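Please open the model in your viewer and keep the selection panel at hand.

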Amino acid sequence: MSEAAREIPLEELHAHPERWDEAVVSASNGQVVTVTGNGKRLAAVVPADQPDLIARLRETIEVLSDNDALQAVIESRASIARGEGLRGREAIRGLLDGRQ
C-alpha cells in the first residue's frame, strides 16, 4: 500500500455520506480505509487494483486463527532473533536434507 491506512467511524459516514466518496478516492490511491463502529473494525474499502489483497488478508486471518500455526510463527521469530535461523544456501540445503 502506498499510504498509511485510515479509519472512518460509521457514525460519521451516516452523518456525512460524502465521506464515502473520500473513502473510495483514498482506496483508488492505494489506501485501505477501515470503517469503524463502537471502537471495532466493521469493514474496509480496499484498492481494486490489488486483487490479491483480500486473499492475503484471508490467509493472514486463517494463520492467526490457527493456534498451532501461530505458535510456530512465534517460535520461528524467536529462533531467528536468537540467531538460529538459516539463510540462503544453508536454508535450501537444510530443506533438501530434510526431505531425504
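**Stop one: a helix pair**

Select helix α3 (residues 52–65) and helix α4 (residues 67–81): their axes come within 5 Å and cross at roughly 90°. That makes α3 roughly perpendicular to α4, a term for angles of 65 to 115 degrees. Axes are lines fitted to C-alpha atoms, for helices over the stretch in contact, and angles run from 0 to 180 degrees between N-to-C directions. Helices (H or I, at least four residues) and strands (E, at least two) are DSSP runs, numbered from the N terminus.

This is a predicted model, in which local features need pLDDT of at least 70 and side-chain atom pairs count only at pLDDT 80 or more, while totals for chains, interfaces and linings use all residues. Residues are numbered from 1 along each chain as its sequence is written, and side-chain values use heavy atoms, with hydrogens and water left out.

Next, display V63, L64 and S65 of α3, which meet N67, A69, L70 and V73 of α4; contact means heavy atoms within 4.5 Å.

**Stop two: the largest nonpolar core**

Select I8, L13, A23, A27, V33, V35 and V45, the seven residues of the largest nonpolar core (buried Ala, Val, Leu, Ile, Met, Phe, Trp, Tyr and Cys residues joined through side-chain atoms within 4.5 Å). Two or more of these residues come from each of α2 (18–28) and β2.

Centre on I8: beyond its neighbours within four places in sequence, I8 contacts L13, R19, A23, V33, T34, V35 and T36.

**Stop three: T34**

Move to T34 in strand β2 (residues 33–37). Is T34 buried or exposed? T34 is buried, with a relative accessible area of 11%; buried means under 20% and exposed over 50% (1.4 Å probe, protein chains only). Apart from neighbours within four places in sequence, T34 contacts R6, E7, I8, R41, A43 and A44.

Notes:
Angles under 35 degrees count as roughly parallel, over 145 as roughly antiparallel, 65 to 115 as roughly perpendicular and the rest as oblique.
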